[in-house]
Every structure is written in structure tokens, then in C-alpha cells.
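Dear colleague,

I am handing over the structure that we talked about, and my notes on it follow below. Please read them with the coordinates open beside you.

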Amino acid sequence: MAEQRIIIVGAGPAGTRAAQACVAAGLQPIVLDEGRHAGGQIYRRQPDNFTRPYTKLYGTEADRAQAVHDAFDAIRDRIDYRPETLVWNIADRHVWTASGTGQTALPFDALLLCTGATDRLMPVKGWQYAGSYSLGGAQVALKSQAVSIGHRVVFMGSGPLLYLVASQYVEAGAAVAAVLDTSPFSARVKALPDLLAVPSILWNGVKLTQAIKRAGVPVHLGVTPVEILGDPDTGVNGVRFRDSGGKEQSIACDAVAMGHHLRPETQLADLARCAFAFDSHTRQWLPERDGDGRASVAGVYLAGDGARILGARSAEASGTLAALAALADLGLPVDKGVTASLRGEVATYAKFARGLATAFPWPSAQAAALPDDAVLCRCEGVSAGDLRAVMRETGAQEANRAKAFSRVGMGRCQGRYCGLAAAELIAAEAGIPVDQVGRLRGQAPVKPINIGIGDEK
Amino acid sequence: MPVMSRFVRLGETDRPPVTLYVDDQPVTALEGDTLMVALLASGGTLRQGEFGPEKRAGFCLMGACQDCWVWTSSGERLRACSTLATAGQRIVTSQPESTWPSNA
């Protein structure tokens, strides 16, 4: 019998642990990675000629980052690893890839999607100016290139990444002008019972916040962002916000790192025709899966933050778990005790993640309140007013229909950064719940590819 | 006042320099820099936005937003955040198609 072909998309914590489980079962999975080196985003590796130690790069998670990297390096020769390879479509039980050398369509018996996450963004008037970056982007700049995104940086948004990246900037010697958090302190108190599910991460968060304050950086909670001030040619020059008391304040800066936690990269699950369900806690559509990671489509498995934002630690557990589910479905022996303990681990992280969603809520009302002249879709330069006008003229209240008429979500990022806010704006404008707006369908190619490339031999 | 540099180097500066050309001007970067860092450590922006008056300088740095496109002198499109800067590279920061006669 020919060996069963397992394809793993992604080489972050989930993809690495999934590959490790396959290798342990005597299989040789194909691991497709968009990155140049395995590690994913959160454990992204610096270039080979950089010399900072793990403790500098990954802080409290240094040991975990190193363990994931070491695990990958240990199986590197026993897997078919393809770095710098984009999966741009899944159709007819084939995974379509593109890389520098060409494109290929790979059939699979089991497909493990470990696609990771991108930042969840709430547009702010002026966010199109040069110098506005996603929080994750600000972290990548520091982690993988040892640069700050500006000479004076404001961190604005909410979520654990806001404090993590701000503290990493402070620690690296960058000038941090302020941390502006849209979440009020009261939300954290409410979230405490769930957050206590993983006290070590909670404690890390407390320590990071203390370090930021100790460095003399002002931290404002419960703010409402008003505008990123800037100039078309020179970019960002300040931020205007209302503090928790309703008083308007301005801060001079030349860079803003913004974001509201993360959103899963689910386009491939969508193209694989997995069923999705609306998650009211995070107000996001997520691919359905059973407790072990099985999607609604046979032979497709989902793990890590690409399925649901549960964090890097959980991704390691869910990556292994999904691989074990795939192995079991392929008729290979799987240790039920291991499976049970991994399920328990993921459940604990899910409780913690629920706490994070409570502590750092997605400020959906901010989308509804965007002024008409604010750019909503920064790829196509479509304003909030443009989208409202389209709704009035066409009656469009469904995400894909509104996209077709307004071009919101049709640009370079394919709706990754404006799609969730656009849905909130449509819902508010139409007076309907946001789940009724639906979700932007994943479209192939999930990222732009060069046309005219030949088939790979 | 034009921004002289957007990104600020905070370490890892002990790397050999490489010289590339951006819109025919020499730019000195460090070995291991991405094109984005090479361009924004020596300038303020990457390109002109197509649908607004503002210039752009990238956004996500992880290959998801496509805001950081630049081009080689032969017209190949590159994502500045995920392409390494190499010696002698010739980069242009305006979309080749935008200078086609039909758009003039």
C-alpha cells in the first residue's frame, strides 16, 4: 500500500507539532510554509546572521519558542518541507501551491490546516497614512529585523498583543509615546475568573503592563480613538483620542501600532468547503470542528490560531491533537490517553481565551461610529461614507453583495483588515445583528500570485 | 518636512553593508535586511497609494496586506516585507503600468 499522504499547511507551533506527530507515526508529511524558515509568526526566526538570544526575541516564551524550533529542526530531514511556498487554492481534493519555482497541485489523504492568524483591525480615521502598522507588523519589525516602526510610537487598540509588543519595544530601547487601550479596566475584573484558567499567562500580562508603566509610558484605558493625524506625503504625525473621562487629547508620534487581538486565517478552510459558524463571543465566523480538530469535510483538520484564536501554547496542543485525529482516521494506532490529555489542555486555553475576549472586547460600536470621511478599506481607499451610500442606493446588507458594489474587501488584502469592521458598520447601518451580514467568502488565489508561471516538473 | 527615515534600528547593526539602487539612487542597507527595512531605514515611504493622495509604507509586515509592493527594474512585483535586500538590486517604487503611455 502506498504511504498515505498528509499535507500540513503552516509551520508555526501547530504545524510543527502536527508534523512531529506524523513523523512519530512513521509517516513523511509534506509541510508547506509561506515563511523562509519554520516557526510561524509568533515564533518567527530572525535571519541567520542576526545574533540576539532567544530570551531577547521571545521574552517569557523563549523556552517554548526554542522547543518548537528544536522540534522542527529534529524532524526536518524526515519531512518534505517546502518553505516560501504559498497555498493559494484548495479544490477537487488538491492543494494548489505556488513558489519561486512554479506551481503544483498536490492530492492528499489528510489535510491539516495550521494557517495561523493575522491582526484584527478596527479602522480609525487616518489609518491609511504611512506609519500606521498592525500590532503584529510592529512586532515582526522588531523581532525579525531589529527595527522600530518609528521614532516615537503610539500603541493603540486592545488585547494582549498591545501590551506584549509595547513592552518589547520599551525593552528594546524604542521610544513609546503611549499605550491607548479601548477596553475599560472593569472588563478585566469581569474576565478574571476565566483568565485564572492559566495563571502563568495572566501573571506575564501583569508583569508586562508594570514594565511599561515603570518605563514612564502613559497607559490609558477605556479610550475612544478619534483620528490618526498625518500628512499624505510624510505620513503619521499624531493621534487624537478621547480618554475614559470623555476629554479629547492629542499625542505627537510618527508611528502607530494598532490592532484588536487576532483573527484566524480561514480562507483555505473556506476553499476546502468547510462549514462555518458564527462565534458570538468574538463576533467572528469560525470553521466548525470537533473537539479533536476534524472539520466538516472528511480528511480536513484544523488546528492552532488558524481555526480559533487560542494562542501559541494551545496551538502546540491542538496541532498534535489534529494530527492524531488524522492518523486515527487513516487507521493508524493512536494513544487515547494522550488524546484525552491534549483535549483537556485545549479546553483550559479555550477558557482563558474567553477571558481575553471579555477583558479586551472588540469595540464594534467604533465601526458604526466611523465618520463618513474616514477610510474604511485602506487598500481601495473606500470611505465609511462610500459604503453607507452604497447601502442606501442598492439596499445591500450582505457582506459579499456590499463588497461587489462598494469594493470594500476587494483590494490587495482581500478583506483581511477591513472585513470585520465593514460587517459591523453594515449591521449597525441596517439595524440587523452582525451574523446576518454574513462573512466575506474566501477567494482563490488567497494571496496575489504571479500569472504565467509554468507547471513544476 | 519629509521624513528622513521611518524605521529606527535598535540592534543587529554589526552586519556587512550592501548597496542597492532605489529609483536609480544608491541605498546602503545591511545584509539580512528586508527590502522594506532597507528602504524605510533610509526614507519615509515605499510607494504612492493608487486610490488616495497619500504615500504608503506597508502595514502588516507578514505578507498578508500587500501594501508594500515595489518592483524590480524589469517589472517584477516584489513584496518588500518578505524579500531580502541584495547587493546591486535595482528597485523602482512606482508601478510599471502607471507609466504606460495609455495612462499618461
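Among contacts in chain B between residues at least 6 apart in sequence, what percentage join residues at least 24 apart? The share is 44%, where two residues are in contact if their C-beta atoms, placed from the backbone, lie within 7 Å.

Before the rest, a word on conventions. This is a predicted model, in which local features need pLDDT of at least 70 and side-chain atom pairs count only at pLDDT 80 or more, while totals for chains, interfaces and linings use all residues. Residues are numbered from 1 along each chain as its sequence is written, and chains are lettered from A and ligands numbered from 1 in the order in which they are written.

Chain B contains 1 helix and 8 strands, helices (H or I, at least four residues) and strands (E, at least two) being DSSP runs numbered from the N terminus. Along the sequence these elements follow the pattern β-β-β-α-β-β-β-β-β. Of the 104 residues of chain B, 43% are buried, a residue being buried if 20 or more other C-beta atoms lie within 10 Å of its own, exposed if 12 or fewer, and partly exposed in between, with C-beta atoms placed from the backbone.

Between the chains, 36 residues of chain B are in contact with 42 residues of chain A. On the side of chain B that touches chain A, the elements that give two or more residues are strand S1 (8-9) and strand S5 (55-56) of chain B. The residues of that side divide into 17 nonpolar, 9 polar and 10 charged, where Ala, Val, Leu, Ile, Met, Phe, Trp, Tyr, Cys and Pro count as nonpolar, Asp, Glu, Lys and Arg as charged, and the others, Gly among them, as polar. Strand S10 (residues 147-148) of chain A runs antiparallel to S1(B) and is joined to it by 2 bridges, and within this pairing A:Val147 stands opposite B:Arg9. Two strands are taken to pair if DSSP finds at least two bridges between them.

Domains and annotations of chain A

Chain A is divided into domain 1 (6-118 + 263-356), domain 2 (121-260) and domain 3 (365-437), with bounds that come from an automatic or database domain assignment. The centres of domain 1 and domain 3 of chain A, taken over C-alpha atoms, are separated by 31 Å, and 5 residues of domain 1 are in contact with 4 residues of domain 3. The side of domain 1 that touches domain 3 has 1 nonpolar, 2 polar and 2 charged residues.

An unreviewed UniProt entry gives the annotation "domain: FAD/NAD(P)-binding" for residues 5-313 of chain A, a span that is 29% helix and 31% strand, with its end C-alpha atoms 27 Å apart. UniProt also lists "domain: BFD-like [2Fe-2S]-binding" (unreviewed entry) for residues 376-427 of chain A, where the chain is 54% helix and 8% strand and the end C-alpha atoms are 15 Å apart. UniProt positions are in the numbering used here, feature names are shortened, and annotations may be inferred rather than shown by experiment.

Sheets of chain A

An open sheet of 5 strands in chain A has the order S9-S17-S11-S12-S13, with parallel pairing. Strand S9 (132-134) and strand S13 (219-221) stand at its edges with a single partner strand each, so one side of each is left without a neighbour in the sheet. Strand S11 (residues 153-158) and strand S17 (residues 255-260) of chain A run parallel and are joined by 6 bridges, A:Gly157 having A:Gly259 as its bridge partner.

An open sheet of 3 strands in chain A, with antiparallel pairing, has the order S4-S5-S6. Strand S5 (residues 94-99) pairs with S6(A) over 6 bridges, where A:Gln103 is the bridge partner of A:Ala98.

A hairpin and the loop after it

Strand S19 (residues 276-279) of chain A is joined by 4 bridges to S20(A), which runs antiparallel to it, and A:Asp279 stands opposite A:Gln284. The hairpin has 4 residues between the strands, and A:Arg283 takes a positive phi near 55° there. Both faces of strand S20 (residues 284-287) are covered, with A:Gln284 and A:Leu286 buried on one side and A:Trp285 and A:Pro287 buried on the other.

A:Ser296 lies in the loop between S20 and strand S21 (300-302) of chain A and is partly exposed, with 17 other C-beta atoms within 10 Å. Not counting residues up to four places away in sequence, A:Ser296 touches A:Cys274, A:Ala275 and A:Glu288.
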